[in-house]
Amino acid sequence: MDIEHRIRTRIARMILMILAAFVTGILVGMAQEWVLDCVSAARQTKAQTVTETEEEPVRKREEPRKKVALTFDDGPNPLYTMSLLKGLKKRGVQATFFALGSEVEKYPQIVRAAAADGHLIGVHAYSHVNLCELSDEDAFEQVERTNQAIYDATGKYASFIRPPFGCWKKHLDERTQLIEVLWDVDPRDWNTTSSSLVVQRVLSSVKEDSIILLHDASKSSVHAAFTIIDSLKKQGYTFVTVDELIMN
């Protein structure tokens with residue numbers, strides 16, 4: 001009986017060992033399968049993330065726009081300045097007007113309209129004379145009288161001057177408290193009635209930070225200004241008043 005009992009006990013132990021091994025194998029297999037599933041899922045998620053990143057459109061950095069300043073001398077002109085202002089407003093462009101004091105006194109409403117539209121108003125002279133050929137007192141009077149007319153029309157004194165013929169008495173800077181502004185591109189629009197010629201001269205010479213000289217004194221100049229604006233905008237230019245170029 002003892003021998004049979006021992007045999008049965010051994011058989012039972014063997015069966016238990018076999019069952020334990022079988023169950024352990026199943027559990028190990030399940031664990032391995034779970035680990036493999038986790039690894040596969042992680043790889044799939046990583047691959048999807050990379051794909052999505054690659055598929056995202058590349059955001060280009062916005063390139064800074066090239067600036068130019070459009071300026072007009074000798075106004076305000078009762079025949080052309082208002083139509084010029086209308087076209088500038090339509091195009092969203094601010095310009096700089098260097099006014100003659102005698103004309104400001106005659107047509108203050110035009111200067112007021114230009115200032116209201118955000119254009120910069122500067123001093124030219126009271127009359128179109130070469131200031132360098134005048135005495136200091138006469139030159140100073142030309143400037144001060146014009147600036148007073150601008151103030152009377154707009155409620156604001158000018159800070160910039162473009163002297164006729166580009167001739168200025170430098171020692172009057174401190175006395176007048178004005179900053180001289182000349183130009184980089186002069187298409188001589190006052191000497192031709194051809195708008196296309198004016199446009200050609202400007203487009204062939206303009207570059208970044210150029211100050212363009214025009215006059216609001218003729219139909220051809222006004223039309224040329226609009227074509228210049230439309231053409232340069234297509235080339236990536238933006239238009240600013242002269243203070244933005246000089247002070248920045």
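Trainee: At what angle do α2 and α8 pack, and how far apart are their axes?

Mentor: Two packed helices are described by the angle between their axes and the distance between the axes. In this predicted model, α2 and α8 pack at an angle of about 15°, and their axes are 10 Å apart. Angles under 35 degrees count as roughly parallel, so α2 is roughly parallel to α8. The crossing of these two helices is right-handed.

Trainee: Which residues of α2 and α8 meet?

Mentor: On the α2 side they are Ser-83, Leu-84, Gly-87, Leu-88 and Arg-91. On the α8 side they are Val-222, Ala-225, Phe-226, Ile-229, Asp-230 and Lys-233. By class, this contact of α2 with α8 has six nonpolar, two polar and three charged residues.

Trainee: How does α2 pack with α4, and at what angle?

Mentor: Helix α2 (residues 81-91) and α4 pack at an angle of about 10°, with their axes 10 Å apart. That angle makes α2 roughly parallel to α4. Here Thr-81, Met-82 and Leu-85 of α2 meet Ile-110, Ala-113 and Ala-114 of α4. The contact of α2 with α4 has five nonpolar residues, one polar residue and no charged residues.

Trainee: Is Arg-112 buried, partly exposed or exposed, and in which helix does Arg-112 lie?

Mentor: Arg-112 lies in helix α4 (residues 108-116). Its relative accessibility is 41%, and Arg-112 therefore counts as partly exposed. Leaving aside neighbours within four places in sequence, Arg-112 is in contact with Ala-153 and Thr-154. The C-alpha atoms of Arg-112 and Ile-150 are separated by 8.6 Å, although these residues are 38 residues apart along the chain.

Trainee: How many residues are in the largest nonpolar core, and which of them have the most contacts inside it?

Mentor: The largest nonpolar core has 43 residues. Those with the most contacts inside it are Leu-70, Phe-72, Leu-84, Phe-97, Ile-212, Leu-214 and Leu-232. Helix α8 gives the most to this core, with seven residues. Apart from it lies another core, of nine residues, among them Leu-120, Phe-160, Val-181 and Val-240.

Trainee: With which residues is Phe-97 in contact, leaving aside its neighbours within four places in sequence?

Mentor: The contacts of Phe-97, on that basis, are Phe-72, Thr-81, Leu-84, Leu-85, Leu-88, His-119, Leu-120, Ile-121, Gly-122 and Asp-216.

Trainee: Where is Asp-209 found, and what is its phi?

Mentor: Asp-209 is found in the loop between α7 and β6 (211-215). Its phi is near 70°, a positive value in a residue other than glycine. Asp-209 is partly exposed, with a relative accessible area of 42%.

Trainee: How many helices and strands does the protein have, and what percentage of its residues count as buried?

Mentor: The secondary structure comes to nine helices and seven strands. Of the 248 residues of the protein, 36% count as buried. Among contacts with a separation of 6 or more, 76% are accounted for by residues 24 or more positions apart.

Notes
Residues are numbered from 1 along each chain as its sequence is written. This is a predicted model: local features need pLDDT of at least 70, side-chain atom pairs count only at pLDDT 80 or more; totals for chains, interfaces and linings use all residues. Side-chain values use heavy atoms; hydrogens and water are left out. A nonpolar core is a set of buried Ala, Val, Leu, Ile, Met, Phe, Trp, Tyr and Cys residues joined through side-chain atoms within 4.5 Å. Buried means under 20% relative accessible area, exposed over 50%, partly exposed in between (1.4 Å probe, protein chains only). Helices (H or I, at least four residues) and strands (E, at least two) are DSSP runs, numbered from the N terminus. Contact means heavy atoms within 4.5 Å. Axes are lines fitted to C-alpha atoms, for helices over the stretch in contact, and angles run from 0 to 180 degrees between N-to-C directions. Angles under 35 degrees count as roughly parallel, over 145 as roughly antiparallel, 65 to 115 as roughly perpendicular and the rest as oblique. Ala, Val, Leu, Ile, Met, Phe, Trp, Tyr, Cys and Pro count as nonpolar, Asp, Glu, Lys and Arg as charged, and the others, Gly among them, as polar. A crossing is left-handed if the near helix is turned anticlockwise from the far one by less than a right angle, and right-handed if clockwise.
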